[in-house]
Amino acid sequence: MTSPDLVPLRRALISVSDKTGLIELGQALAARGVHILSTGGSAQRLAEAGVPVTEVGDHTGFPEMMDGRVKTLHPRIHGGILARRDDEGHVAAMNAHDIPGIDLVVVNLYPFEATVAKGADFETCIENIDIGGPSLIRGAAKNHDFVAVVTDPSDYAPLLAELAAHDGQTTLDLRRRLAAKAYARTGAYDAAIGAWFANRLGQTWPESVTLSGTLRQTLRYGENPHQTAAFYVTGERRPGIATATQLQGKELSYNNLNDTDAAFELVAEFERPAIAIIKHANPCGVAEGDDLPAAYARALACDPVSAFGGIIAANRTLDAATAEAIAKLFAEVVIAPDADEAARAVLASKKNLRVLLTGDLPNPAQAGTLIKTVAGGFLAQSRDDGRVQPANLKVVTKRGPTPKELADLLFAFRVGKHVKSNAIVYAKDLATVGIGAGQMSRVDSSRIAAIKSREAAEAAGLAEPGTKGSVVASDAFFPFADGLIAAAEAGVTAVIQPGGSMRDQEVIDAADERGLAMVFTGMRHFRH
């Protein structure tokens, strides 16, 4: 059978939870002589606005019943939607049972996702699971050769424009595009219900899961220009790039979004004013301070060369002094919970700088799920919400850390959680002074971090590198003593690491021989 291109719109069914644009749509359809069927609140709103409307109950001969659970589940509705107009058998059945054709279905679903997000009780969430709506949508989408289906108020204007352009008819191209969007909507809706049910039943990893997201932005390209990319949002209520308002600057790229997310998640780890500078998803400088300007200066000092073209994240409202310091450096993105008017004015002079404000900070201890695709599937794991506290530490050397060393150790280990493995972080006075990331051997990370520290000191005209008198954090255990020895040679006085190696005693002995304090966390922070 050949699908017709143009189909006249004579009869429409409208049943919407979101009433945005409902009256205008109804008036425009009525002006074209379209017969409108509707239900409940939608019918009432249309009638009050003077739009001629037929209640579905009057159309089917059956009233709404069971608190509205049953109203559109009727052959006179679904037959009118599903019947193929070019099939003689279908047409005969329509005539025999007095089933008028329905050419347009306008339905948006009960607000299940919003109801869950508000923290509603179990029974309220269940009552907000739409049954008739998805059935209508899927039926209309299946029969898109003859029926247009609209699930989003933003599509009312394109529909009306099409009717105006084609003398009250819809095109096959529009009907197919609307059908694709309709199936995506019902798929996302079912995914949300399935995820909610699994959560309520305590099923961390249910037998089947469906991922869904809404397109936020089609990106110019992916990690490289020959790759296509897009940014989808899931609706998770976590402050960050998905919730941020962009004040200024160019469109965010795939790499910008990835790096900015990494920067903001890292800076949220700290209670005091803090700055994190990220390059290629790894920190090149992190510091706490009494205020943001102090934290920024010390974060930048760790590796000013790598900071060029990086991402800067703050965990406080940006002020003018911090903005002025940032404006001296070429940066791609600045992200913070907010910025005062003076800071906004300063940053506005850097027209290409992207400035994102999120309104709040993500909670580093909040549970969540991380997804990574692999060939033929995906890996899912809980978010790394582990946070080591002083009470979790086990002193394993003859000398325990001083209070100052302890503060620096905990700071360094928090930073290390956000550094690609193998990760080594040197820190002093609550600021990073050397970072080694993503190396195949831990000793190489120790050496690279020390080299970077020496180079930064030389560039700043300092007499010695920042690693002298610093502490070091390792995201996983030292498999051999060589990594710890390299750190000792760089000048560290204390070490924090998970422990758990077969050669732990060898590493402990090496620390004792050099007078180092070392603590085990019992928690690893691999980040691949």
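Because Arg185 lies in helix α10 and Glu113 in helix α6 (residues 112–117), the pair ties together parts that are 72 residues apart in sequence. The helices (H or I, at least four residues) and strands (E, at least two) named in this report are DSSP runs, numbered from the N terminus.

The model is a predicted one, in which local features need pLDDT of at least 70 and side-chain atom pairs count only at pLDDT 80 or more, while totals for chains, interfaces and linings use all residues. Residues are numbered from 1 along each chain as its sequence is written, and side-chain values use heavy atoms, with hydrogens and water left out.

## Other salt bridges

By the rule given above, the count of salt bridges comes to 25. One of them joins Arg76 and Asp98, with the closest N and O atoms 2.9 Å apart. This pair links distant parts of the chain, since Arg76 is in helix α4 (residues 75–82) and Asp98 is in the loop between α5 (88–96) and β5 (104–108), 22 residues apart. Arg76 is buried, having a relative accessible area of 16%.

Another salt bridge brings together the side chains of Arg442 and Asp475, at 2.6 Å from N to O. Arg442 belongs to helix α17 (residues 442–460) and Asp475 to the loop between β21 (471–474) and α18 (481–490), so that parts 33 residues apart in sequence are tied together by the pair. Arg442 is buried at 6% relative accessible area, and Asp475 is buried at 2%. Elsewhere, salt bridges that share partners join Glu269, Glu271, Arg387, Arg414 and Lys417 into one network.

## The cavity

A cavity is found on a 1 Å grid over the protein atoms alone, as a set of points where a 1.4 Å probe fits but cannot get out, and its lining residues have an atom within 4 Å of a point. Grid points are joined across faces, edges and corners, and the volume is the space filled by probe spheres set on the points. By this rule there is one cavity of 30 Å³ or more, and the largest cavity holds about 60 Å³ of space.

Its lining is made by Glu269, Gly386, Arg387, Val388, Leu410, Phe413, Arg414, Lys417 and His525. These lining residues divide into three nonpolar, two polar and four charged, where Ala, Val, Leu, Ile, Met, Phe, Trp, Tyr, Cys and Pro count as nonpolar, Asp, Glu, Lys and Arg as charged, and the others, Gly among them, as polar.

Val209, Leu211, Ile371 and Phe378 make a nonpolar surface patch of about 350 Å². Such patches are made of residues with over 30% relative accessible area and no salt bridge, with nonpolar side chains (Val, Leu, Ile, Met, Phe, Trp, Tyr) joined within 5 Å and like charges within 9 Å; the accessible areas come from the Shrake-Rupley method with a 1.4 Å probe, and for residues only the protein chains shown count as cover. Val209 lies in the loop between α10 (172–200) and β8 (214–219), and is partly exposed at 44% relative accessible area.

## Backbone features

Most residues other than glycine have a negative phi, and most peptide bonds are trans. The peptide bond from Ser421 to Asn422, however, is cis, with omega near -5°, and Asn422 lies in the loop between α16 (403–416) and β19 (424–427).

His280 has a positive phi, near 55°, and Ala281 has one of about 70°, although it is not a glycine. His280 lies in the loop between β11 (274–279) and β12 (282–288), and Ala281 also lies in the loop between β11 and β12. His280 counts as exposed at 62% relative accessibility, whereas Ala281 is buried at 10% relative accessible area.

How values were computed. Salt bridge = Lys/Arg side-chain N within 4 Å of Asp/Glu carboxyl O. Buried < 20%, exposed > 50% of the residue type's maximum accessible area, 1.4 Å probe, protein only. 1 Å grid on protein atoms, 1.4 Å probe; cavity = no way out; pocket = protein on both sides within 12 Å on 5 of 7 lines; lining within 4 Å.
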